[in-house]
Amino acid sequence: MLSGKIAVITGGSRGIGAAVADKFAQAGADIAVISSGSGELAREVCGICSERYGVKALPYRCDVADFEAVGSTVAKIKEDFGTIHILVNNAGITKDGLIATMKERDFDAVISTNLKGAFNMIRHCSPVFIRNKYGRIINVGSVAGLMGNAGQANYAASKAGIIGLTKSVARELASKNVTCNAIAPGFIRTDMTADIDESGPLLASIPLRRMGAPGDVASLAVFLASGGADYITGEVIRVDGGLAM
Ligand code: NAP
């Protein structure tokens, strides 16, 4: 489904990003996995993908919030793989707090990683997409960006920003055959939601009565990167068990 395609996945070392890396590789894509940590987990993800599916898979250490670092990482990926066809902006963090006491640095950190990080990646990948007259950009937002969430003003603002970014890029690059869509997950079981107790009021608010798995989000990412989605752009699709409908 994706053979011959080269995909860059930010935050691909764990959680949703690791599931996207696995499903993309299973679909035949070569993958570049970006994370900002030690790189050990990203190396592990790449090792598993190349061993299981026979694709090329390489890890890159890069803080997506750092414009210059993203520029040199994208240049290195181009050098290693030849080009880039698909970009999944998935790297994200939370630094929750009530608005009346939220620290300025926590607001800035979340906007820098979640929103500016996506801008940095799109900014450096889009010249390649424009030159190729082909590109698929998939941004991972959140239902928090649609509904807001008490205690997550920084996070919800970053994810609402992802929606505006997605629609603007979709409009701007459509004539170059570059699509840009967003996925808005609800509660997905990863490190980010490890503290959430999947019972009581939370469960009652989800019509499907369960948290999602990383693979639930990754399956949609594969579809949005595939030929089946060639006529879809500027769309925001929820993967939330009905939570935000
Ligand atoms: P996660 O398990 O905490 O993984 C986050 C990933 O992002 C890791 O690979 C992490 O790697 C990477 N990352 C964090 N900061 C980075 C930076 N500055 N530069 C590069 N990579 C960075 O999170 P997740 O739950 O899979 O979430 C993935 C995306 O889905 C996020 O955008 C999140 O907001 C969104 N989302 C998640 C849920 C949910 O319920 N889990 C719901 C809605 C939306 P390192 O730590 O090594 O950098």
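View 1. An oxygen atom of the ligand is 2.7 Å from an N or O atom in the side chain of S13. This is a polar contact, meaning a pair of N or O atoms within 3.5 Å; within protein, one must be able to donate a hydrogen and the other to accept it, and residues adjacent in sequence count only if both atoms are side-chain atoms. The model is predicted: local features need pLDDT of at least 70, side-chain atom pairs count only at pLDDT 80 or more, and totals for chains, interfaces and linings use all residues. Residues are numbered from 1 along each chain as its sequence is written, and side-chain values use heavy atoms, with hydrogens and water left out. G11 brings a backbone N or O atom to 3.1 Å from a ligand oxygen. At C62, a polar backbone atom lies 3.4 Å from a ligand nitrogen. Alone, the ligand exposes 880 Å², and the protein buries 92% of that (Shrake-Rupley method, 1.4 Å probe; for residues, only the protein chains shown count as cover).

**View 2. The shell around the ligand.** Around the ligand stand 30 residues, each with a heavy atom within 4 Å of it. S13, S36, Y155, I188 and T190 come nearest. By class, the shell has 11 nonpolar, 15 polar and 4 charged residues. Here Ala, Val, Leu, Ile, Met, Phe, Trp, Tyr, Cys and Pro count as nonpolar, Asp, Glu, Lys and Arg as charged, and the others, Gly among them, as polar.

**View 3. The largest pocket.** The ligand takes up the space of the largest pocket: more than half of its atoms lie within 2 Å of the grid points. Two or more shell residues come from each of helix 1 (15-26) and helix 6 (153-173). Helices (H or I, at least four residues) and strands (E, at least two) are DSSP runs, numbered from the N terminus. On a 1 Å grid over the protein atoms alone, a pocket is an open set with protein on both sides within 12 Å along at least five of seven lines; a cavity is a set of points where a 1.4 Å probe fits but cannot get out; lining residues have an atom within 4 Å of a point. The pocket holds about 1100 Å³. Its lining counts 49 residues, with G92, I93, Y155, T190 and M192 nearest the centre.

**View 4. The largest cavity.** There is 1 cavity of 30 Å³ or more. The largest cavity holds about 60 Å³. Volume is the space filled by probe spheres set on grid points, joined across faces, edges and corners. Of its 13 lining residues, N89, N90, A91, N114 and A118 lie nearest the centre.
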